[in-house]
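Good morning, colleagues. Please look at the sequence and the model on the screen, and I shall then describe selected parts of the packing.

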Amino acid sequence: KKKKLIIDHTLYTDLKIYPTWKSKFLFNIKKNILSKADIIRSPSPNLSKQLKTMGLNNYEIFLPNVNYNLFKIISLKNKLKLKSKLNIKKNKFIILSVGRVCLRKGSDILIKTFKKINKKDNYFLIFLGPCDNQFKKYKNQKGIFISDKKVNNVHEYMKVSDLFVLLSRNEGLGIVFLESLASGLRILLPKIKGVSDFIIG
């Protein structure tokens, strides 16, 4: 029996062509690989449009699974206990960002804005994820925590946070966006292709 070849089409298989020989070369390689697939799974209507433009119609849109047993709303009492466990001050307004600390994720915009609003030290900004070199200087600055590594208990940080911020300049989908919704977090985000596609209303 012939096996089906399924390719997950994500941000890292970006199908835009930029005016360089390298971009055109990589585009042709990607197109050749994708054309051999029986099914291409795409997490965003925006990425699916790129496939259609290339003449590839063998795709399906899918959403990743969110573990709702981990990402859920908790009581104020449990929230305070969890803050203590994570060594987070109870009287701070917690702003959370999850993912690589880099320009693509809009980390520069978030840090700049945070410094403006945190004059009275009422806020605490948490970045969970690896940190690009240009942002390492912020790791020990007042009111800012950067994990600079993959964190396995993201769900705990979401439960104790007050606001989730996603300022990515582009996204494949942004699974953390769905997880933060499941955690009952207020969310601040611009209109991002790959995320805003799934917001109705």
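I begin with helix 6, whose buried residues are Val176, Phe177, Leu178, Glu179, Ser180 and Ala182. Buried here means under 20% relative accessible area, exposed over 50%, and partly exposed in between, with a 1.4 Å probe and protein chains only. Helices (H or I, at least four residues) and strands (E, at least two) are DSSP runs, numbered from the N terminus. This is a predicted model, in which local features need pLDDT of at least 70 and side-chain atom pairs count only at pLDDT 80 or more, while totals for chains, interfaces and linings use all residues. Residues are numbered from 1 along each chain as its sequence is written, and side-chain values use heavy atoms, leaving out hydrogens and water.

Because six of its eight residues are buried, helix 6 is largely enclosed by the rest of the structure. Its cover includes strand 4, helix 5, strand 7 (163-165) and strand 8 (186-188). After helix 6 comes glycine 184, with a positive phi near 80°.

Next, the largest nonpolar core, of 23 residues: such a core is a set of buried Ala, Val, Leu, Ile, Met, Phe, Trp, Tyr and Cys residues joined through side-chain atoms within 4.5 Å. Leu96, Val98, Leu128, Tyr157, Met158 and Phe164 touch the most other members. At least two residues each come from strand 4 (93-98), strand 5 (123-128), helix 5 (154-160) and helix 6 (175-182). Apart from this core lies another, of 15 residues, including Val101, Ile111, Phe114 and Ile146.

Finally, proline 130 sits in the loop between strand 5 and strand 6 (144-146). At 30% relative accessibility, proline 130 counts as partly exposed.

Methods
Contact means heavy atoms within 4.5 Å.
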